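Visitor: Can you walk me through this one? Keep it quick.

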Amino acid sequence: MPFVTEELWQAFPYRKQALMVTPWPTTDLPKDLRSIKRFQNLQSLIRGIRNVRAEYSVEPAKRISASVVATADVLEYVSREKQVLALLSKLDVQNVHFTESAPGDANQSVHIVADEGLEAYLPLADMVDVSEEVKRLSKRLSKMQSEYDALVARLNSPSFVEKAPEDIVRGVREKASEADEKISLTKNRLTFLQSTITT
């Protein structure tokens with residue numbers, strides 16, 4: 001719709017240049033820093049929940065429960081936004097709880113720190129079948145490890161390092177470093193999931 005917007009802009013009197021190159025309007029109105037901080041906290045909480053949903057491949061339509069843990073003053077304004085939080089994070093509005101202390105099932109939940117004094121716990125059982133997720137991650141870890149081993153073998157080959165162009169060798173080193181980091185993250189997640197099965 002940029003053409004429509006530009007046409008409307010040019011219809012205003014005293015407009016000499018195109019909207020896309022016009023500076024953003026300034027104002028002398030005071031900013032409510034407290035409201036801005038509250039909005040940022042809520043935004044951070046929603047982003048954290050969405051990231052966990054994506055990380056655990058939770059079905060988009062599935063509503064999950066959550067325990068929001070915060071200080072009393074933070075809970076006061078976050079709890080008023082329960083409907084918004086549930087809508088934007090795909091939470092089951094009936095199972096969103098606000099409390100000042102961690103829930104009893106915290107060791108079987110994914111812990112999110114949205115901001116200082118604002119956290120959330122998402123029960124794993126609501127999001128995934130833990131045993132299936134362990135199988136899936138184990139399979140993925142095995143594949144990642146074999147890819148990493150192939151990259152390391154290439155880097156350990158003197159003929160590759162000596163004969164290949166420097167940018168190719170650097171690219172392989174970067175891929176190996178990224179693969180190592182992903183393997184580490186996957187191992188940590190796998191360890192966490194396996195600990196929830198045994199408890």
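Visitor: Let's start with Ser89. Which residues does Ser89 touch, not counting residues up to four places away in sequence?

Guide: Ser89 touches Ile46, Ile49 and Arg53, leaving out residues up to four places away in sequence. Contact here means heavy atoms within 4.5 Å. One caution: this is a predicted model, where local features need pLDDT of at least 70, side-chain atom pairs count only at pLDDT 80 or more, and totals for chains, interfaces and linings use all residues. Residues are numbered from 1 along each chain as its sequence is written, and side-chain values use heavy atoms, with hydrogens and water left out.

Visitor: Where does Ser89 lie?

Guide: In helix H4. Helices (H or I, at least four residues) and strands (E, at least two) are DSSP runs, numbered from the N terminus.

Visitor: Is Ser89 buried or exposed?

Guide: Ser89 has 0% relative accessibility, so it counts as buried. The cut-offs are under 20% relative accessible area for buried, over 50% for exposed, and partly exposed in between (1.4 Å probe, protein chains only).

Visitor: How do the axes of H2 and H4 cross?

Guide: At roughly 30°, and they come within 9 Å. Axes are lines fitted to C-alpha atoms, for helices over the stretch in contact, and angles run from 0 to 180 degrees between N-to-C directions. H2 and H4 are therefore roughly parallel to each other. Angles under 35 degrees count as roughly parallel, over 145 as roughly antiparallel, 65 to 115 as roughly perpendicular and the rest as oblique.

Visitor: Which residues make the contact?

Guide: H2 brings Leu42, Leu45, Ile46, Ile49, Arg50 and Arg53, and H4 brings Leu85, Leu88 and Ser89. By class, the contact of H2 with H4 has six nonpolar residues, one polar and two charged. Ala, Val, Leu, Ile, Met, Phe, Trp, Tyr, Cys and Pro count as nonpolar, Asp, Glu, Lys and Arg as charged, and the others, Gly among them, as polar.

Visitor: And H3? At what angle do the axes of H2 and H3 cross?

Guide: Roughly 70°. The axes of H2 (residues 33-55) and H3 (residues 72-80) come within 11 Å. H2 and H3 are therefore roughly perpendicular to each other. Their crossing is right-handed. Arg38, Asn41, Leu42 and Leu45 of H2 meet Glu76, Tyr77, Val78 and Arg80 of H3. That contact has four nonpolar, one polar and three charged residues.

Visitor: Which residues in H3 are buried?

Guide: Val74, Leu75, Tyr77 and Val78. Their cover includes H2, strand S1 (64-70), helix H4 (82-89), strand S2 (91-99) and strand S4 (118-123).

Visitor: What about Glu76, buried or partly exposed?

Guide: Glu76, also found in helix H3, counts as partly exposed at 39% relative accessibility.

Visitor: New topic: backbone. What is phi of Ser57?

Guide: Near 50°, a positive value in a residue other than glycine. Ser57 sits in the loop between H2 and S1. At 52% relative accessibility, Ser57 counts as exposed. Lys90 has a positive phi too, near 60°, and is a residue other than glycine. Lys90 lies in the loop between H4 and S2. Lys90 counts as partly exposed, at 33% relative accessibility.

Visitor: Where does Pro103 lie?

Guide: In the loop between S2 and strand S3 (109-115). Pro103 is buried, with a relative accessible area of 18%.

Visitor: What does Pro103 touch, not counting residues up to four places away in sequence?

Guide: Ser67, Val69 and Tyr121. Pro103 and Ser67 are 36 residues apart along the chain, and their C-alpha atoms are separated by 6.9 Å.

Visitor: Last one. Which residues does the UniProt annotation "domain: Valyl-tRNA synthetase tRNA-binding arm" cover?

Guide: Residues 129-193, in an unreviewed entry. UniProt positions are given in the numbering used here, feature names are shortened, and annotations may be inferred rather than shown by experiment. In the model, residues 129-193 are 94% helix and 0% strand, with end C-alpha atoms 10 Å apart. UniProt also lists residues 127-154 as "coiled-coil region" (unreviewed entry). That span is 93% helix and 0% strand, and its end C-alpha atoms lie 39 Å apart.

Definitions and conventions:
Left-handed = near helix turned anticlockwise from the far one by under 90°.
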